[in-house]
Amino acid sequence: MQRLSVSALLAASMLALAACSSKPAAELPHAPAVSTSLPSQRGDFGPPQGEPIQAVLTSPPNVPPPIHRNYPAKVIVELEVVEKEMPISEGVSYTFWTFGGTVPGSFIRVRQGDTVEFHLKNAPDSKMPHNIDLHGVTGPGGGAASSFTAPGHESQFTFKALNQGIYVYHCATAPVGMHIANGMYGLILVEPPEGLSPVDHEYYVMQGDFYTTGKYREKGHQPFDMEKAIDEHPTYVLFNGKEGAITGDNALAAKTNETVRLFVGNGGPNLVSSFHVIGEIFDKVQPEGGTHPQENVQTTLIPAGGAAIVEFHTDVPGSYVLVDHSIFRAFNKGALGILKVDGPEDKLVYSGKEVDSVYLGDRSEPNLKAVSVAAQAHAAGTQTKEEQVAAGKQLFTGTCSVCHQDNGEGLANVFPPLAKSDYLAADPQRAISVVTHGLSGKLTVNGHEYDSVMPPMAQLTDDEVANILTYVLNTWGNPGGRITKEDVARERAKPAPANAHKEEH
């Protein structure tokens, strides 16, 4: 927040004294004429001073260190466009177009008033030309008009960072939407001259929506789907370019009684984010990266092509879940991250336990390596039953254990057991129809009657259904056996049986 200068405060005090004094204002000591208006948020603080500075760029979720200069400088930014194949989910790959080799691109940090000499390189093995539009630039196209760069070439332009704030940058080469949808976006922070208030941790999180020809978590390499992108029907909605990018071993970290600042961007290209941290209240939010903060905010909207700065204080330990609160995006498209807070309990603030694995789903696991291994083995034609069982165990945790429990015992009088199940033993293939088409009505399992609903698990791929059922058949005293991806595909293609659960529309 901008503050009045000392001289402005003195001038205001003199005016107040004049208004209250019995003497005419002309008899009071003369004060110099000083404007009492707030300084402009837009500033040119003169030419750069000192030697040029090479910008420190960081990959997400890391942020460059704060700037402690009290003068404007010439800052040199060198950023390379790299087109590369990377995982988008376990066992799923995608060809991303990146700024700096990551999605989102490298975080850039400068000071208001700095002169930025920007070098954009396009790797020689790139297939496409690219450019960059920085929302923190005052000039045609935000730099796009000056940075069109063919593969194997480099472009250079210079701009002055006139406005403080957190700004998105992205590629603006036609078709613009396709370049952004392939991961070409990032954040540039223009610090105010006095710097930001000190905090214990700063992290970089950026949401994006992705459009693949295959369905969510369908294994193998997935190409971009232009029709889905135009229709705004994303396959994935992700933080930092990959499902699970900030969960498990890659979770953000803090300790109790610390302050955390998140620079949160939304690359889009289409969706607005409803950003929320489950179990925290933002002490301060600078919505849309603006100067004036809001306080005590639960969920903040971040438009496509926008960003926000959120800050909060950690009080009790636990796993705090970062989500887009358009909630199906979190649990069915991937927009989920974790901040792991360690430290002593404070029972006066919160008496409960840490968020458990059922709520977090399979992302509570450190990783889903077994799923990736099983997918690769299937593609190579070498998949074993043991690999299916290992993958199915991890998938079961996030999909089925909430009803059937981690031990397969179910819930008495509500959900039937999967452990030592005579229903499964009688016809293991029948389980495929239950998972793909659903099941409703009365059912007898192990001598007990149940009357509940099993919704169709349409969000699961054939490969995932096969692995989950193979795990169940070979666990908890069940008879064993193996379900293949092809078995599931055949069953899914059949008409739903009469007792299948029908979704209401």
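**Packing and strand pairing**

Modeller: Let us begin with one residue. Phe263 touches Val63, Phe107, Ile166, Leu187, Leu189, Leu196, Glu202, Tyr203, Tyr204, Val205, Ala308 and Ile309, leaving aside residues up to four places away in sequence; contact means heavy atoms within 4.5 Å. This is a predicted model, in which local features need pLDDT of at least 70, side-chain atom pairs count only at pLDDT 80 or more, and totals for chains, interfaces and linings use all residues. Residues are numbered from 1 along each chain as its sequence is written, and side-chain values use heavy atoms, without hydrogens and water.

Colleague: Which residues have the most contacts inside the largest nonpolar core?

Modeller: In soluble globular proteins, nonpolar side chains tend to be buried together. A nonpolar core is a set of buried Ala, Val, Leu, Ile, Met, Phe, Trp, Tyr and Cys residues joined through side-chain atoms within 4.5 Å, where buried means under 20% relative accessible area (1.4 Å probe, protein chains only). Here the largest has 27 residues, and Ile88, Phe107, Ile166, Leu187, Phe210 and Phe263 have the most contacts inside it. Another core, of 26 residues, lies apart from it and includes Tyr320 and Val341.

Colleague: What is the strand order in the open sheet of 4 strands?

Modeller: Strands are DSSP runs (E, at least two residues), numbered from the N terminus, and two of them pair if DSSP finds at least two bridges between them. The order is 4-9-8-6, with mixed pairing. Strand 4 (108-111) and strand 6 (133-134) each have a single partner strand, so one side of each lacks a neighbour in the sheet. Strand 4 and strand 9 run parallel, joined by 4 bridges, and Arg109 stands opposite Leu189 in strand 9.

Definitions and conventions: Buried means under 20% relative accessible area, exposed over 50%, partly exposed in between (1.4 Å probe, protein chains only).
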